[in-house]
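Hi there,

Here is the structure I promised to pass along.

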Amino acid sequence: MEIIGQIISGSYNEMQEEFTLNQVKHLQTTSVLKENQVNQLYEYLEKHKDEVDGQVLSLYDQLLVRLSQEDIHKFLADLERLRDMYE
């Protein structure tokens with residue numbers, strides 16, 4: 001099932017219960033996330049969502065993507081939708 005969010009997009013595989021992340025903001029990537037990884041990412045961003053400077057996400061351990069506070073809130077909304085898929 002294709003999921004297109006405000007910050008992330010990818011596909012959810014119900015059989016394997018995993019999400020393949022294909023895009024973050026405007027950048028292409030490929031990462032497979034299990035439920036616990038989605039939950040950990042959600043919990044981290046939830047704890048740090050109000051930090052003035054935002055957060056920095058690393059893709060491929062090389063490419064840094066800045067997430068503003070607004071981006072983090074959108075990312076959290078995308079992750080909430082994704083977390084519902086695992087149920």
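**What turned up**

Arg83 sits over the face of Tyr42, 4.1 Å from the ring centre. A charge is taken to sit over a ring if NZ of Lys or CZ of Arg is within 6 Å of the ring centre and within 35 degrees of the ring normal.

Before you go further: this is a predicted model, so local features need pLDDT of at least 70 and side-chain atom pairs count only at pLDDT 80 or more, while totals for chains, interfaces and linings use all residues. Residues are numbered from 1 along each chain as its sequence is written, and side-chain values use heavy atoms, with hydrogens and water left out.

**The sheet and the helix across it**

Four strands form an open sheet in the order S1-S2-S3-S4, with antiparallel pairing. Strands (E, at least two residues) and helices (H or I, at least four) are DSSP runs numbered from the N terminus, and two strands pair if DSSP finds at least two bridges between them. Strand S1 (2-4) and S4 stand at the edges with a single partner strand each, so one side of each has no neighbour in the sheet. On average, neighbouring strands are turned by 20° against each other, direction ignored.

S2 and S3 are joined in the antiparallel sense over six bridges, and six bridges also join S3 to the antiparallel S4. In the hairpin of S3 and S4, with two residues between the strands, Lys25 takes a positive phi near 55°. Phe19 has Leu33 in S4 as its bridge partner.

H2 lies across S1, S2, S3 and S4 and runs at about 5° to S2. The axes here are lines fitted to C-alpha atoms, for helices over the stretch in contact, and angles run from 0 to 180 degrees between N-to-C directions. Contact means heavy atoms within 4.5 Å.

**Around Glu18**

Glu18 is in strand S3 and is the bridge partner of Asn13. Is Glu18 buried or exposed? At 14% relative accessibility, Glu18 counts as buried; the cut-offs are under 20% relative accessible area for buried, over 50% for exposed and partly exposed in between (1.4 Å probe, protein chains only). Leaving aside residues up to four places away in sequence, Glu18 touches Ser11, Tyr12, Asn13, Val32, Leu33, Lys34 and Tyr86.

Two of those contacts, Tyr12 and Tyr86, bring us to the one aromatic pair in the structure. Their ring centres are 5.1 Å apart and their planes stand at 85°, so the pair is edge-to-face. Rings of Phe, Tyr and Trp (its six-membered ring) pair if their centres lie within 6.5 Å, with planes under 30 degrees apart counted as stacked, over 60 as edge-to-face and the rest as tilted. Tyr12 in strand S2 (residues 8-13) and Tyr86 in helix H2 are 74 residues apart, and both are buried.

**Salt bridges**

How many salt bridges are there? The count is four, a salt bridge being a side-chain nitrogen of Lys or Arg within 4 Å of a carboxyl oxygen of Asp or Glu. Among them are these:

- Lys34 with Glu18, closest N and O atoms 3.1 Å apart. This pair links S4 (residues 27-34) and S3 (residues 18-24), 16 residues apart; Lys34 is partly exposed at 37%.
- Glu46 with Lys49, at 2.7 Å. Glu46 is partly exposed at 31%, as is Lys49 at 21%.
- Lys74 with Glu70, at 3.1 Å. Both lie in H2 (residues 69-86), four residues apart, about one turn of the helix. Lys74 is partly exposed at 25%, whereas Glu70 is exposed at 51%.

Best wishes
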